[in-house]
Amino acid sequence: MALHWQILGALLAAFLVGSVFGTEAAGIPLGSIYAFVGGLFLDALKMLIVPLITASIITGVASMGSAGGVGMMAGRTVIYYVFSTTMAVTTALLVMNLYQPGISGGQPLSQTVELPPIGEEVSGRLEGQELSGFFNILREMVPANIVEAGANAQMLGLIFFSVLFGIALTRVTSPGRQVVKDFWAGVQDVMIQITHWVMRVAPIGVFALVAGVIAESGLSVLLPMLDFFLAVVLGLAIHALVVLPLVLWLVARRSPILFMRAIWPALLVAFSTSSSAGTLPVTLNALTQRAGVSRETASFVLPLGATINMDGTALYECAAVLFIAQAYGVDLSLSMQVLIVVLALVTSIGVAAVPSASLVAIALILGVLGLPLEAMGLLLVVDRLLDMVRTSVNVYSDATGAVIIARLRGEDRVLMDTRFEDSGEGAVTSDRG
């Protein structure tokens, strides 16, 4: 059975087992078992991130041969990410204004349901966070200690150093230059091989991660917030199944169906792990081995996207703020809604690497608009499940960007071979041109 079907089967089994047996059955602490196995799988993926991304970027940049080529690809990548995130937030604006989940029976939700206080859980997540620091993201691009940046998974710092190292490697004329290039190319090949090994146990890890979430929260928690949950899922679906495929077809001239088939394993892993960074090795493997994107393109675009491109997160932030405004009966003017769009766009970039990023960003936006932070307690009911969905959209957008940039760079073999192999052995290879 192909890997993506194994993962899909694991997801379905996780929903069934998690909802039926809960966190304990016959004296067996299932919740602890789920946490151990799922955490082990997630740590295995995170273990690959720093060496794989560093080696891939250095090898890719060194293969381009000039700073001009790097600058052009970086410019195109940033333009795409800003465009896709703006479209995601705009989609949230339209869906929330048309669907209006914060209004029940013609009345704001606050008049029919007692809004919960913010509680210690949310307070703990927000405590000590300097909201003004999120706009200093460019400061993190130059790490004072590259080893510390790697240990803390500061992706922007790693990307900047790796790009700089790769460019410098093209300018060095010493006999040792080829040795260094071969070393990083070898590291990249080794890390890709380890990724294949880790993915063989992906169905087990996916089952444990999702079963743990369902066993702990249960599907019944959706009922009080079902309208909001459906509105956000609808917005995410429109962005992922309509907007991004349309952009892919118009710009890259490639089939969205073939693209979905190629990256399906990465989306399933993103859904189960709720981590764009943790899914990076799988996404890289899917794009290079299954979609035919060159390593140099994928290894540059994807790490940058996992750091600054958060379509699903931005859409959720905008939807959450509008929902709270509707629930409290606050009528936001058009200019205020445009402000929400801008703030969601900026904060989705600025808080990407911060724990509980969405909650912190939503608190920032609510504070700017003067809306009560206490209503954020409502979001906790569905935040974990929506986190899984929006992370999949984040990864989907990153992969879309990689295909588009690859096509703009003249890579003609992208998505031209419909034979997808999960092992990566004998799969599609891609050279520029």
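Student: Let's start with one residue. Is E296 buried or exposed?

Tutor: Two ground rules before that. This is a predicted model, where local features need pLDDT of at least 70, side-chain atom pairs count only at pLDDT 80 or more, and totals for chains, interfaces and linings use all residues. Residues are numbered from 1 along each chain as its sequence is written, and side-chain values use heavy atoms, with hydrogens and water left out. Now, buried means under 20% relative accessible area, exposed means over 50%, and partly exposed is in between (1.4 Å probe, protein chains only). E296 has a relative accessible area of 15%, so E296 is buried.

Student: Which side chain does E296 meet in a salt bridge?

Tutor: Look for a side-chain nitrogen of Lys or Arg within 4 Å of a carboxyl oxygen of Asp or Glu; that is a salt bridge. Here E296 meets R409, at 2.7 Å from N to O. E296 lies in helix α12 (residues 295–308) and R409 in the segment after α16, so the pair ties together parts 113 residues apart in sequence. Helices (H or I, at least four residues) and strands (E, at least two) are DSSP runs, numbered from the N terminus. R409 counts as buried too, at 10% relative accessibility. Both belong to a salt-bridge network that links E296, R409 and E411.

Student: How many salt bridges does the structure hold?

Tutor: There are 5. Among them is D387 with R390, whose closest N and O atoms are 3.5 Å apart. Those two both sit in helix α16, 3 residues apart, or about one turn of the helix. R390 is buried, at 4% relative accessible area. Another one is R407 with D412, at 3.3 Å between the closest N and O atoms. D412 counts as partly exposed, at 42% relative accessibility.

Student: Now the surface. Which residues form the nonpolar patch?

Tutor: A patch takes residues with over 30% relative accessible area and no salt bridge; like charges are joined within 9 Å, and nonpolar side chains (Val, Leu, Ile, Met, Phe, Trp, Tyr) within 5 Å. Accessible areas come from the Shrake-Rupley method with a 1.4 Å probe, and for residues only the protein chains shown count as cover. In this model L246, W249, L250, V251 and L408 make up the patch, with about 470 Å² of accessible area together. Helix α9 (residues 226–252) gives the most, with 4 residues. L408 is found in helix α16 (residues 376–408), and L408 is partly exposed at 42% relative accessible area.

Student: At what angle do α9 and α13 pack?

Tutor: For helices, axes are lines fitted to C-alpha atoms over the stretch in contact, and angles run from 0 to 180 degrees between N-to-C directions. α9 and helix α13 (residues 311–327) pack at about 145 degrees, with their axes 10 Å apart. Contact means heavy atoms within 4.5 Å. On the α9 side, F228, V232 and G235 are among the residues making this contact, and on the α13 side they include L315, Y316 and F323.

Student: One last residue. Where is A375 found?

Tutor: A375 is in the loop between α15 (357–369) and α16. At 0% relative accessibility, A375 counts as buried. Leaving out residues up to four places away in sequence, A375 touches I324 and Y328.

Student: And how much of the protein chain do buried residues make up?

Tutor: They make up 54% of its 433 residues.
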